[in-house]
Amino acid sequence: MNHPLKNRNFRTYLIARLFGALGSYMMEVALMWWALEATGRNDSVAWVALTMSIVSMVVSPFGGVLADRSNKVGLASAGYALGMAAPAAAAALLLAGHLSFGLVVAIVAVDNLISSFFAPAGQALGPLLLTREQYQQGTAMAQGMSKLLRMASMPLGGVLVAALGVAATLLITVSVYLVAALVVRFVEEPRVSREVAAPAPGEAAGPAGPVKNEPRASLRRRWIDPLVATVRMLFSVPLLASALFMVGLLNFILSPIGVIMAPYAKSLGSGAEGYGLLLAGITAGELLGYTVFTTFRSPRSLPFIWGGSMVMGLSIGALAWATSLWPAVVALGMSGFGAVAVGVHLDALAIKLIPRDFMGRALSVIGVLLNGLGPIGLVAAGFALKTLPFATIFNVVSGLLVVASLLWLWPPIARAVRAAEATPSEADAAGEASAADPAQL
C-alpha cells in the first residue's frame, strides 16, 4: 500500500491546508500584537482569543452539516477566499487610521464565523482522500504538520510584524489565503452520499425523508436534527464512545500542562529556562511521535493505544519522584511521544468508524466537545495547584491514565477494535481508487 504522500490528491490537500493555516496564524499574531500595542492592556489579547474561541465553538457544528450536504472542495476554497476579507479590511482601516480595538474584535468575530462555517469541509475532505490503511499515517502527517506550522508561523508572524509592520503583514496574509483558495481547487473530491438527514445507525428514517428532498424543511429539520443525529451516532457506538472518552481525557490532561510546568520548574530549583526546557521536552516527544507514525504504518492500533496510554501514565507518575530538571524533561518527552501514539491511532480508528456522510459534522462536533474540555482542565489545574502538592497531582493523573489504558484490554473493547480494523469502511472503494489511480501519482 502506498504512502499517503504518493497520492497527488492528498499532497495537494496538505499544501492547501498549509497555506490556509499559515494565513490564520499570521493574522492572529498581527492583530493580537496590534491590540496589545494600541491598548497597552494585557487582557486585550485574552479578549481577542476568547472571541475566536466562542465563535468557533458555536458555528463549526453547523459548518459540519453544510460540509456533509455540499461539495467540500468548493466550500473549502470559498472559505479561504472569504477569509481574505478580514486581513484586507483590518489593513485598510489601519492604513486609514480608523482601526480600533472594538473593530479588531468585530473583524476577528466575523473572520472566525466565516472560517468556522467553511473549515469543517476541509477537515472532512482529508479522510475521504485516503484508504483505511493510510488513515494512521495520514493523520500523523496532518497533525505533525499542524504542530510544526504553528511553531514556525508564530515566530514568522512576529518577524514580519517587526520588520514590515502590522498592515504589511496583514496584506501578506491576504495573498497567502489566495494561494490556499486556488490550490485546494485542484483536489478531486471522491463521490460520497450527501444524505445529510440520514438517521444514525439503528435509527429509523423520519416520515418526511432526507433533507435534500425537502427544500422548504424547517430550520430544525435542516440544521438541528442532523447535529442531534450525529451526537447519537457518536455515543451509540461503544467503541467510538470509548475513543472519544480517551481523547477527551488526554485533552483534559494536556491542555493545562503549560500552566502546571511553570511552578513545577520552580519547585525543582530552576527558573524560566527550566520551564522552557520542560515544555521543549514535551514538544520533542510529540515531534518524534509524529515522525515515527508518519514514516511507519502500524498494522494494529490497539497495542499503541494501550501502550501509549501506559507510557503516558508511568512517565507523568515519574514526575512525582523527579528531584532535578533533566529526569523531568526526559519523562515529559516520553509522555509527549505516548500522547501522539494514542492520539494518532484513536483518530484513525474513529475515522474508520464514522460513516462517510457524517464525516463533516462528526469531526466538528468532536472538536467542539474536546475543545470545551480545555478550559475545564485549566480550572481543575488552578484548583489543584492551589490545594495539592505536585506529587499528588502527578500521581492522580498517572493513576487515571493507567486505569484508562487497562480499559482497552477489556475483551469486548479489544474485540471491537479488531473488528473495526477488519471491516471495510463505507465508500472505501472510492478512497482506494483515488489513492491508487496512476493519474493521481
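Buried residues have under 20% relative accessible area, exposed ones over 50%, and partly exposed ones lie in between (1.4 Å probe, protein chains only). By this scale V58 is exposed, because its relative accessible area is 52%. The structure described here is a predicted model, in which local features need pLDDT of at least 70 and side-chain atom pairs count only at pLDDT 80 or more, while totals for chains, interfaces and linings use all residues. Residues are numbered from 1 along each chain as its sequence is written, and side-chain values use heavy atoms, with hydrogens and water left out.

To begin with the overall picture, the protein has 17 helices and 0 strands; helices (H or I, at least four residues) and strands (E, at least two) are DSSP runs, numbered from the N terminus. Of its 441 residues, 50% count as buried. Contact means heavy atoms within 4.5 Å, and among contacts with a separation of 6 or more, 86% are between residues 24 or more positions apart. The accessible surface comes to about 19300 Å², with 70% of it belonging to carbon and sulfur atoms; these areas come from the Shrake-Rupley method with a 1.4 Å probe, and for residues only the protein chains shown count as cover.

The interior can be described through its nonpolar cores, each a set of buried Ala, Val, Leu, Ile, Met, Phe, Trp, Tyr and Cys residues joined through side-chain atoms within 4.5 Å. The largest has 84 residues, and Y264, L278 and W408 are those with the most contacts inside it. Helix 13 (residues 325–353) gives this core its largest share, 12 residues. Y264 itself, leaving aside neighbours within four places in sequence, is in contact with L278, L319, A322, A328, F390 and F394. Apart from this core lies another, of 18 residues, including A30, M52, V104 and V166.

Rings of Phe, Tyr and Trp (its six-membered ring) pair if their centres lie within 6.5 Å; planes under 30 degrees apart count as stacked, over 60 as edge-to-face and the rest as tilted. A search of the whole structure finds 8 such pairs. One of them, F293 with F337, is tilted, at 5.8 Å centre to centre and 35° between the planes. This pair links distant parts of the chain, with F293 in helix 11 (residues 272–295) and F337 in helix 13, 44 residues apart. The rings of F390 and F394 are stacked, because their centres are 6.2 Å apart and their planes are at 20°. Both residues lie in helix 15 (residues 390–407), about one turn of the helix apart. F390 is partly exposed at 21% relative accessible area, whereas F394 is buried at 3%.

The structure also holds 6 salt bridges, each a side-chain nitrogen of Lys or Arg within 4 Å of a carboxyl oxygen of Asp or Glu. In one of these, the closest N and O atoms of D68 and R361 are 2.8 Å apart. The two partners are 293 residues apart in the chain, D68 in helix 2 and R361 in helix 14 (residues 359–387), and both are buried. Another joins E28 and R150 (3.6 Å, N to O), linking helix 1 to helix 6 (residues 135–164). Here E28 counts as buried at 16% relative accessibility, while R150 is partly exposed at 37%.
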